[in-house]
Amino acid sequence: MSVLTRDEAQTRAQLLDVHRYRVDLDLTTGDDTFDSRTRISFTVREGQDRTDTFVELKPAELRSATLDGQPLDPGGLDGNRLPLKNLTPGEHELSVDSAMRYSRTGEGMHRFTDPTDGETYLYTQLFLDDVQRVYAAFDQPDLKAVFELTVKAPENWTVLANSTTRHLGDGLWEAAPTPLISTYLLAVAAGPWHSVRTEHRGLPFGLHCRRSLAPHLDADADEILDVTRACFDRYHEKFDEPYPFDSYDQAFVPEFNAGAMENPGLVTFRDEFVFRSAVTDTERQTRAMVIAHEMAHMWFGDLVTLRWWDDIWLNESFAEYMGYQTLTEATRFTDTWTDFGVVRKGWGYDADQRPSTHPVAPDAVDDTASALLNFDGISYAKGASALRQLVAWLGEKDFLAGINNHFSRHRFGNATLADFIDSLAAATDRDVPAWADAWLRTTGVDTLTPRVTSGENGVCTLTVDHAGSRPHRIAVGLYDRDHADEGGHLALRTRLDLDVPGTDALPIGKRPALLLLNDGDLTYAKVRFDPESFETLRTGLSGLPEPLTRAVVWNALRDAVRDGELPPAAYLDTARAHLPRETDLALVQGVLGFATGQITDRYLSADARPVALSTVGSLCRDLIRRTEDGSHPGLRLIAVRHYIDVAAQPDTIAAWLADGTVPGGPELDPELRWRVLGRLAVLGATDEAAIAAELERDPSATGQEGAARCRAALPEPEAKARAWEAMFSGDDLSNYLFTATAQGFWQPEQADLVRPYVARYYDDAVALAERRGPAIADAAGRWAFPTHAVDTETLRLGERCLDEAEPIPALRRKLVDQLDDLARALRVRGEA
């Protein structure tokens, strides 16, 4: 299959104007394929001689194609391109009739049968070039068109689409014509949905999920709709341009590869956001943020769309920034930037220090395969951080004025970075192009280090050593010990605004107990501490008054571990000392996640790991004891989850599973039961009979994944062989079942047992990715990689694979990142 290049897209955009698609889908033709008929009305621009172009599709069978009523040879289909030859200036109509394959990997038209009740559901995910799996198209974002859609479905199904749909009878549904949208934004979701419908501002709003999840959606429908309405109203306060579509549906769909997708009028979410087990308030906040993020896309991405994929940040960075900011302003979730700092920013920092780093706005992305790789921590977290810094520099008034200029100039059209800069520049006297060059065209993470110098009469000055090239506007927090407080709290003396780089030393008065650069987390940079401040943090970190301030400190400690400047054991000691007193759930989750996911499993040697697990387990026990009064259920849930994950002996958690509850709560819901059983499998304290019994108790899709994870985790040669065969030899696993199996397979406790598979991984992953495509390639690189095998041999094998094999781009990118993380872990261990 050929990928579309930037040059090809530009050539075709100069040649064609596409006006209208008529897409007719028949979903009643069997379990393997569906029928797709497409009629495209387009114009070849005047001034063109007879010329050639192509339309894209990936059919199971191309039955027929006609151009202006004349048949085309189906045998002319070359990979995914059907040539259109000798086109003359003027209007044309192309008709294509084909059978298309359903997907089990979350790409194209995904088909899922719910094991709970046997009901089947279908939905499209057409990003980035998976349009071609569903209908024939001139598949590039700058050839927008009006879409008319009909869908034939089983009689008891409901069909959802970008615009309002109506049932014409006999299972035939028709969607209202859309405004101008890009090909990748067409959306269909079909099945016996459970729906909650309402209206807001005269528009129909809907929530939809599988019938088996209906009680769980109903329980949270008011919360989801409250967030939706609040964000919708706040965006209308920010944006001059009203919501541009005729309805707003949110469908929670199974086995979804992303968090959500911004299809105009029909946002699709992974249906794990319909919570069937207990969750923390931070997890509810995450769901709310995704709702806010996807709604922002209705303007950033759907109303105004990038011209080509090098400007993906114009979609994702803006939706990320707007999602967090608007959620903070409009809902009860007022501490969202703490969660961003803990979760998302580390994602950006990590991505930006790997060989695969790229600018937020790269100069050029050559083709669609390369573009798909840039949906990462840089396009999301770093880009959103850059925009937060831009708002701090411009001021929100001028920032919003520039955005509204942009919407007005490019509504229902396409735009580039240059267009956006022009829109911003029209709203301010500041040098926006220079800012863009410094922030959007560069790579890497700057580092800011304070130097405090004592002067006469105890008056100190601050200078900042700046390793990097970007300008930063930051706040500097000066904290003193609160001697009247026996709890060791630190009191904020003042926050000073500071531009970096700067030439003059900044007077700060007497030396503070703690000097914190980037207090408030307004910029994107690693920060370090002067020696006195670091000493203060050893005893006073939990005494800092604001969660966002503590998030900046924890991120700095995390960075110091990753850079080999702070011993991993020292991080664990700091967590052991201060996390039992932490109240912010995002911070507790983030610190424990780094402690278990990186420090115990990667940055410490096998000999040091048992002590580290014991430290984390003791920390979790302290949190469980602290929450016995029921006052912090979210904190207790986090502690219970991590206690299960680090259990070195099975007795306690096995007793919890037998009793169905943790003493004092919580009761073990399905998520916790599978979590306990998964850890017991790792420890060799359960068996196939127990897994089968649990699956009979919970036969849901989530239960199927839990069973696959547990079976792959059993410390038995036969279990490992079966799991490997399922992942790499058979092609029957869906994307979610593949991921669950991979998550169970590699376990640090089983290093000797799985050692032979480390060498097998690279060849098998390359072959799998070639057969099954980008979604499974991404999963194989992310979840099936032997991350526990931190040794030079694993690194050597991986480097040889990159040099000698030819992994498809999606897998190559994941391997590059994994091997860089492996090399970093070796350096942290002192083994590089």
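Guide: Two strands pair if DSSP finds at least two bridges between them. This model is predicted. In it, strand β24 (residues 472-481) and β25 pair in the antiparallel sense over ten bridges.

Visitor: Which residue stands opposite R481 in β25?

Guide: R481 stands opposite L490.

Visitor: What is the strand order of the open sheet that holds β24 and β25?

Guide: The order is β25-β24-β27, three strands with antiparallel pairing. Its edges are β25 (490-500) and β27 (514-517), each of which pairs on one side only. From one strand to the next, the twist averages 20°.

Visitor: How do side chains lie along a regular strand?

Guide: They alternate between the two faces of the sheet.

Visitor: Which strands form the open sheet with mixed pairing, and in what order?

Guide: Five strands do, in the order β15-β16-β17-β19-β18. β15 and β18 (260-261) stand at the edges with a single partner strand each, so one side of each has no neighbour in the sheet.

Visitor: How many bridges join β15 to β16, and do the strands run parallel or antiparallel?

Guide: Strand β15 (residues 194-200) is joined to strand β16 (residues 203-209) by seven bridges, and the two run antiparallel.

Visitor: In which sense do β16 and β17 pair, parallel or antiparallel?

Guide: β16 pairs with strand β17 (residues 248-253) in the parallel sense, over four bridges. Here L207 stands opposite Q250 in β17.

Visitor: Which residue takes a positive phi in the hairpin of β4 and β5?

Guide: D68 does, near 55°, in a hairpin with two residues between the strands. β4 and β5 pair in the antiparallel sense over three bridges, and the bridge partner of A65 in β5 is L72. Strand β4 (residues 61-67) also pairs with strand β7 (residues 90-101), in the antiparallel sense over six bridges. In that pairing L62 stands opposite S98 in β7.

Visitor: Where does G76 lie?

Guide: G76 is in the loop between β5 (70-72) and β6 (81-87).

Visitor: What describes two packed helices?

Guide: The angle between their axes and the distance between the axes. In this model, helix α23 (residues 751-772) and helix α26 (residues 809-829) pack at an angle of about 150°, with their axes 11 Å apart. That angle makes α23 roughly antiparallel to α26, because angles over 145 degrees count as such.

Visitor: Which residues in α23 and α26 meet?

Guide: From α23 they are Y761, Y762, A765, V766 and A769, which meet L811, L815 and L819 in α26. The residues of this contact divide into eight nonpolar, no polar and no charged.

Visitor: How many residues has the largest nonpolar core, and which have the most contacts inside it?

Guide: The largest nonpolar core has 151 residues, and F42 and F399 have the most contacts inside it. A second, separate core has 125 residues, among them L498, W674, I691 and L826.

Key
Residues are numbered from 1 along each chain as its sequence is written. This is a predicted model: local features need pLDDT of at least 70, side-chain atom pairs count only at pLDDT 80 or more; totals for chains, interfaces and linings use all residues. Side-chain values use heavy atoms; hydrogens and water are left out. A nonpolar core is a set of buried Ala, Val, Leu, Ile, Met, Phe, Trp, Tyr and Cys residues joined through side-chain atoms within 4.5 Å. Buried means under 20% relative accessible area, exposed over 50%, partly exposed in between (1.4 Å probe, protein chains only). Axes are lines fitted to C-alpha atoms, for helices over the stretch in contact, and angles run from 0 to 180 degrees between N-to-C directions. Angles under 35 degrees count as roughly parallel, over 145 as roughly antiparallel, 65 to 115 as roughly perpendicular and the rest as oblique. Contact means heavy atoms within 4.5 Å. Ala, Val, Leu, Ile, Met, Phe, Trp, Tyr, Cys and Pro count as nonpolar, Asp, Glu, Lys and Arg as charged, and the others, Gly among them, as polar.
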